[in-house]
Structures are given as structure tokens and as C-alpha cells.
Amino acid sequence: MTKKTISGLALSVALISGAQAADVEVMHWWTSGGEAKALGELKQSLAKQGVGWKDTPVAGGGGSNAMTVLRARVLSGQSPTAVQMLGFDIQDWGDQGVVANLNQVAKQEGWDKVVPSALQQFSKYQGKWISVPVNVHSTNWVWGNKAVLDKIGVGVPKNWNDLILAMKKAKKAGYVALAHGGQAWQDATVFDGVVLATGGVDFYRKALIELDPTALSSDTMKRVFDRMAQLRGFVDKNYPGRDWNLASAMVIKGKAAFQMMGDWAKGEFLSAGKQPGKDFVCFRTPGSQGAITFNADQFTMFKVDKAHQQAQQQMAKAVLSLEFQIIFNKVKGSVPARTDISGERFDDCGKKAIADLKEAVNKNSLVGSLAHGHAAPAAIKSAFYDVITAHFNGEFSSEEAVKALVSSVKNAS
Ligand code: BGC
């Protein structure tokens, strides 16, 4: 985002188009079945308090599309009340001076004490709360159809070779081995897990967070691309452009064996009436157990006129309230954005996600997802996207991808 273009507007108070005083206008990319159900919980919780909802969906995982639409809205002086946002994008908007200060409600509700520090780092800009975390997702997950795995005689893969072997068996038996949608953010989501599984957490940090040229150009990075190419051999020919939830549906319906996707995929399984352990299995990208590539959805609050401030504060408070966090995250497939909630009321995959997160925090192996804006700012993220996708689509060999990555990241930094 160009700082100059937006900061000219920073002093003008944003107006909300079409929203009543007691409404919140919410921009988000939760357009799939499972996501809509989770969002419905928030709408309901606000409706109970007399807060109305103006829905502004902009489809596209990772939020790049939403950020483009948002820029136009803010430039025309029509900021939404709240915008779903990830990691570094939140800080970018903090820079523009167009966001609200939530310190009062944060103090009342004790957010400093209950929100994990890995999230607070993104929610606060220069000491001010500007954003309200709603969940913690992670991207190093694989989802498998239980009946298909039983049929081809494989259990949960324990390491990379197991996974490849299982995919070979699935392919041979006539299933799509890996359900995937060829969209840059989905390719990058798979890449997150493959980097973690291949190089471990220290390598992930060096290459994707510190952008260390030695790590980026290493043999390990080449091996990561080799593995991406391996996976490419297991997708069906209709993968280009497919939405992620349609890929989930292939696993749900037993057309495909696996999907490598963040735990919002669980929301799709649940919304289709499927049960973890019985109908589907969830496991970490083999080789990455013990570490997590996380992304936390947050609602960044924009400056609104006086008439809308109360509804905005009510929404901020509702999002992080204890009971809502449980209800919402059970449906969404994510983990609560509070440290004081146990896994008790969650299903088996949810329990595992909560335990894994705790373990990763203790072992210092919790790292931000590159694909979902928690490892590097938007320009660098998109430099990665370009190379990962070009390689996945066969335009680059692994050696060429490594070279392209080093120079693209350098140019974007
Ligand atoms: C968000 C998830 C969302 C997914 C797919 C991710 O960037 O963090 O909440 O479900 O995209 O839309």
C-alpha cells in the first residue's frame, strides 16, 4: 500500500455507507459453507445485543482480494466498521492512521492478560489495540477421508515417505490423491507445511521470516521445491483455479484421499455433517509435528463517526468474550484466541489443535504462516506466491525456483 495515498485521508473521519447507527459493516472473506456458519454465530451474538450487521464479503483466502477492495473503500472515505485481517496487513493499516483505538475496551476486558503474545504483536500498533483476534488457525495440516484410507489400506502417514506412498496407492485405486485448488494462496498454504516438514522450524524462521539469502538458496529449499513437484503429480487435471472448499468437498465426498489445507477445512467437514476420527482424519504435515505455522484472523477496527462507535465497541467486546470464543471456534475449525480456554468442549481435531499450540509455544516452535500474512509483509508474501505458483504449474524447475525466489525476495524487500 502506498503510504502517501492513504495518509492524506487519515484525518478525515470515515463515513459508513448504508449502515444504520446501530449497525456494524463487516468486510471479510468467509464465503464457504463452514465459514458462513461461523460468521453466523457472530451475527447472532451481536443481534442479541441489538447490533445490526451489514455484510461485505470479498472472497479469497489469505485476504489479498479483500485488502484491494479495502484500499478503494478507505480512499473514498468509506471505511467499513471492521475488517477481517491477517498479521502484517494489520500493521500496514496501523501505519495509515485510519484505524480505531480500542485501548479502553481492551483494558476493561483484560485482553493484555488473556490474548497470546504472538497475536498481540499484530493486534497492537504503537502500543494501541487496533484489532481484535477471533481465532488461531494453522496451515500445516492434512485432511484425509477415513473410508478412502481404509479402502486403500493405509493409516495416518507418519513421515513424508508414508504420505507419498499413501498418495500413490490412492491414485492407483482411482481416487484423486490430493485435492487441490490452483490459486496462489492455496499453493503457498501447502508450501508453508512443506517448508516446516522439510527444514524444521529453525529453517522456516531463517528462510521465510528472516529472509536469510543462505537459507533461501540452500539445498533444503531445493528439496522443498522437489517435494512440491512431487505433490503436483497427485492433483487432478481440473485443479487450476478451483476454490479450496470445492477441494475439501472432493475429500468429503470420497472422490479424493487428502487435502493439505489450514484447519478452516475442518469447518467444511463439520458443516457437511462429518465427524473427526469416524469420517475424516486430521494430522500435521508429516515431519512437522511439534511445530505450527499459525495465522490468526482478526477484526481490525476502522475510525468511524460517533454514531457508529458504540456498535463497534460492542462488536470488539463480543469477539473476544469467553463463551463466544468457544462457540465460534468449534464451528470455524480454529483454536480460541485466548489462553484461558481448555480443549474440553472441542472435538478430537480441536483438542489436538489446542494441545499442539500449547506444545509449540512451550518449545518456541510457533511460527507465522507465510501464505497467510504472518511471516512477512504483503510485498514479500506476494513475491513468494509468484515463485511458488510458477513452479507448481511447471514453469520452473526446482533449481530455477530457488534462484527466482532469492532474487524476487531481494527485490521486494
Ligand atoms: C483465513 C481463514 C479462512 C481461509 C479461507 C484464511 O486466510 O485466515 O479464516 O477460512 O483463509 O478462506
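This is a predicted model: local features need pLDDT of at least 70, side-chain atom pairs count only at pLDDT 80 or more; totals for chains, interfaces and linings use all residues.

Which residues of helix 4 (residues 87-95) are buried?

Author: In helix 4, the buried residues are Gly 87, Asp 89, Ile 90, Gln 91, Trp 93 and Gly 94. Gly 97 follows helix 4 and has a positive phi, near 70 degrees.

We turn next to the sheet. It is open and consists of five strands in the order 2-1-3-13-6, with mixed pairing. At its edges lie strand 2 (52-57) and strand 6 (131-133), each of which pairs on one side only. From one strand to the next, the twist averages 30 degrees. Strands of a sheet pair through backbone hydrogen bonds, in either a parallel or an antiparallel manner. Strand 1 (residues 23-28) and strand 2 run parallel and are joined by six bridges. Within this pair, Glu 25 stands opposite Lys 54 of strand 2. Helix 15 (residues 306-319) packs on the sheet, where it touches strand 1, strand 3 (82-86), strand 6 and strand 13 (297-301). The direction of helix 15 makes about 55 degrees with that of strand 1.

Helix 15 also meets helix 16 (residues 322-332), for the buried residues of helix 16 pack against helix 15, helix 2 (33-48), helix 14 (264-271), strand 6, strand 7 (137-138) and strand 13. Those buried residues are Phe 324, Gln 325, Ile 326, Phe 328, Asn 329 and Lys 332. After helix 16 comes Gly 333, with a positive phi near 95 degrees.

Terms used:
Residues are numbered from 1 along each chain as its sequence is written. Side-chain values use heavy atoms; hydrogens and water are left out. Buried means under 20% relative accessible area, exposed over 50%, partly exposed in between (1.4 Å probe, protein chains only). Helices (H or I, at least four residues) and strands (E, at least two) are DSSP runs, numbered from the N terminus. Two strands pair if DSSP finds at least two bridges between them. Axes are lines fitted to C-alpha atoms, for helices over the stretch in contact, and angles run from 0 to 180 degrees between N-to-C directions. Contact means heavy atoms within 4.5 Å.
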